Amino acid sequence: MLDQLAALLPNMSLAMFIQHLFNALSLGALYGLIAIGYTMVYGILRLINFAHGDIFMLGAYMMFFSTMAFMPVWLAILIMLLAVLVFFLAFRKSQKPIPKKVGLTLAALALVYIVLGMHSGSTWDFTPPWALAVVFAIVITSACGITVDRVAYRPLREAPRISALISAIGMSFLIENLCVVLFTGLPRPVSQPAMLVQPLELPVGESVVRIVPLAIIVPVVCIALVLLLLLILYRTKPGLAMRAISRDIETTRLMGVSVDKIIAFTFCIGSALAASAGIMWALRYPQIHPYMGVMPGFKAFIAAVVGGIGSIQGALLGGALLGFMEILIIAFWPSLSGYRDAFAFVLLIIILMWRPSGLLGEKMEEKI
Amino acid sequence: MTQASLTKSLRQPGLPKTQRDITCTVVVIALLAVFLYVAENFFDRYTVQVLNLMAINAILALSLNLIYGFTGMFSLGHAGFMAVGAYTCTLLLLSPEQKATAWLITEIQPWLATINTPFIVAVFLGGVMAALFGLIVALPSLRLGGDYLGIATLGFAEIIRVLIVNTNSVTNGALGIKGIPQYGTLWWNFGWLLFTLYIIISLLRSNTGNVFKAIRDDEIAASTMGVNTYFYRVLSFCIGAFFAGVGGALTATLISTIDPKMFNFLLTFNILMFVVAGGLGSITGSIVGSMLITVMLEWLRFIEHGVNMVDLAGWLPFGSALIDKFGPSTTLIPGVPGMRMVIFSVLLMCIILFRRSGLLGNREFSWSGFFNFIYSIPGRVRSIPNWMNAHSAKAAVLVLVLLYIIWLTIRR
């Protein structure tokens, strides 16, 4: 059977094909993770959160600074306290239990983090263990996401949607340029831990397939995070409130849900997913720069549209579709590699023409 | 009609209104011509360059305002149309010798190698080519509305950019094209600006313009009234794309180098900023907004280049006294690269958050409004004491600011 499959593939061995499949799977999983953030915000606010790609970039940068660039301890503590303050301000006096628990957990984590961070290395350099650095990056990035919502979108809830869209574009440019100012525009190399990039060798037929462990870890982590998200969405009160808001925001408000807090929680979750995608992206493609979020951001948005905006499963499906398309088209026709960035946009336009509500989305009628 | 407005209207000068307006417009154009003559002959090159940029940016802002402010289609594809215009114009302007040497990776297409047209034809054809691309973009994507349209046009702009990078034999790929002849003088740029203004104003005053505004205000209502909204949306989009192409062509000849990286999303963002800052649906607003922001962006360069302490102290009241006291220090405050764009984005955020309608909202400049304002000045001056009594704190700040401005002007 393997031989038959190999015969079907022109100009490529089966081993190569399997490697491409794994690359595509991990790229698609990353697109899917970012796309979930777009799809959740769009489902609730009908807003394209242009700054989401930059939140993704911030996640990668936070990870980089806490593990590789040796952030001074005082700065780490300051940033962490700011993040906790943001969470406190966003979720204080919350009747629903989960956001409060999240806030308390975060505060506890911050304490643990600071204590552990102080004990590792010298007094000035701050090199926490890996797991803690990941938590640090995710917490800070979620706080950034909540801040973006509070500063740029919440004052415009009653305004025409296009105003919020322009505000989103402005926010995106603000974050990018702020990062250019703070971290300089130079690309920085990310050192990959050897255990994540030492290729595993699997024999297939006569040849050997080399697969980087990351290409397996990324989809697994992605699926775990999505299961967690679905658990939050379908088994908790805030999840119920989120789904209610995406149906009808006014009625939900009348039911006594504090809509602004739920929206902040949505941004928090979306940004946390984007941050984890950013961390994995930086490990997979080991270079970070302030504009690294632009193209993945666009493509993930396209993935969300393709899958049907507002639907989590759709975002994953769209991400996977986009990842497979991008890798496999180039694998089969290498001469097209110059057009790599255009595939996603062509797919977007085809989908918008043929089925504007996406593959899994519900059709939305305009109310008169 | 109240007593005040009645007397105001009675005080209109004797000329019939339209004739007065025409005379005033002609006088302003003549004054502009005198100014351009002076600028061309006596201003330094940098100032002339900024003036050119102001004219081109005004054209671009007007074209986006036609699409977005007057027809209500959120388009993010302007950079793509500019690129089409710029490349078309460049290919038509370059001499055959330049083309023979510039294309390094692949030979240029033979039918392009010898083609050469005068400047005005090249710019015009740049606009026509952009309008054609606009038509190609519009036919499928204008079926969509709202922010989906924005994303689709953004996608098309990216596709155009990727096409330019990859069609080496036409566009020289990622290397770009250098040494474009700089025909674009002040006269050309401001001439094109006046042409754009004339076309867009007369378009908006016609019935077609009314249809555009009807579609903007309520598309469903417009189509219920029997308007073929799709046709008019495509029409508005193509006209906007035409002027975007003209703007791109003029940019290419102004800065004499183009490459695909130039025409990225940032460029569209800049134009959007001009339009939003000036006021959506206001022609005057687009012109004022684009010119103000162009000047401000140039002026803000000191933040990136660094500024001398002495220069900075000169802007402070009693700054010269400070310099005398502490001695002329030449300490350079280092510039922060990228800070200019941070300020620019913060400004856009502030406009959209605190003054969503922009500087002018949807108001327009008109001669009758202008003369009414002139005639109302004596009354306003007479009411100043009352106002100062009522708002003493505001008045004090205002007086201080005025004194500062007067001091700045007499200081030199």
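1. Asp149(A) is buried, at a relative accessible area of 2%, where buried means under 20%, exposed over 50% and partly exposed in between (1.4 Å probe, protein chains only). Asp149(A) belongs to helix 6 of chain A, residues 130-153; helices (H or I, at least four residues) and strands (E, at least two) are DSSP runs, numbered from the N terminus. Residues up to four places away in sequence aside, Asp149(A) touches Arg154(A), Arg157(A), Ile263(A), Ala264(A) and Phe267(A), contact being heavy atoms within 4.5 Å.

2. The model is predicted: local features need pLDDT of at least 70, and side-chain atom pairs count only at pLDDT 80 or more, whereas totals for chains, interfaces and linings use all residues. Residues are numbered from 1 along each chain as its sequence is written, chains are lettered from A and ligands numbered from 1 in the order in which they are written, and side-chain values use heavy atoms, with hydrogens and water left out.

3. Asp149(A) also forms a salt bridge with Arg157(A), the closest N and O atoms being 2.6 Å apart. The term denotes a side-chain nitrogen of Lys or Arg within 4 Å of a carboxyl oxygen of Asp or Glu. Arg157(A) is partly exposed, at 22% relative accessibility. A network of salt bridges links Asp149(A), Arg154(A), Arg157(A) and Asp260(A).

4. Over all chains, the count comes to 13 salt bridges. One of the pairs in chain B is Asp21(B) with Arg20(B), with 3.2 Å between the closest N and O atoms; Arg20(B) is buried at 4%. Arg161(B) pairs with Glu158(B) at 3.0 Å. Both of these residues lie in helix 8 (residues 146-166) of chain B, three residues apart, about one turn of the helix, and Glu158(B) is buried at 5% relative accessibility.

5. Ala159(A) lies in the loop between helix 6 and helix 7 (161-183) of chain A. Ala159(A) is buried, with a relative accessible area of 12%. Its C-alpha atom is separated by 26 Å from that of Asn177(A), 18 residues apart along the chain.

6. The largest nonpolar core has 215 residues, of which Phe50(A), Ile169(A), Phe263(B) and Leu272(B) touch the most other members. Such a core is a set of buried Ala, Val, Leu, Ile, Met, Phe, Trp, Tyr and Cys residues joined through side-chain atoms within 4.5 Å. Apart from it lies another core of six residues, including Leu14(A), Ala15(A), Ile211(A) and Ala215(A). Beyond its neighbours within four places in sequence, Phe50(A) has contacts in both chains, among them Tyr38(A), Tyr153(A), Phe298(A), Leu76(B) and Phe265(B).

7. Strand 4 (residues 200-204) and strand 5 (residues 207-211) of chain A pair in the antiparallel sense over five bridges; pairing requires at least two bridges found by DSSP. Leu200(A) stands opposite Ile211(A). The two strands form a hairpin with two residues between them, and Gly205(A) in the turn has a positive phi of about 60°.

8. The contact between the chains takes 43 residues from chain A and 37 residues from chain B. About 3,500 Å² is buried between them, of which carbon and sulfur atoms give 82%; buried area is the accessible area (1.4 Å probe) that two parts lose on being put together, summed over both. The count of salt bridges between chain A and chain B is zero. On the side of chain A that touches chain B, the elements that give two or more residues are helix 6, helix 7, helix 13 (294-307) and helix 15 (340-354). Helix 7 gives the most, with 15 residues.
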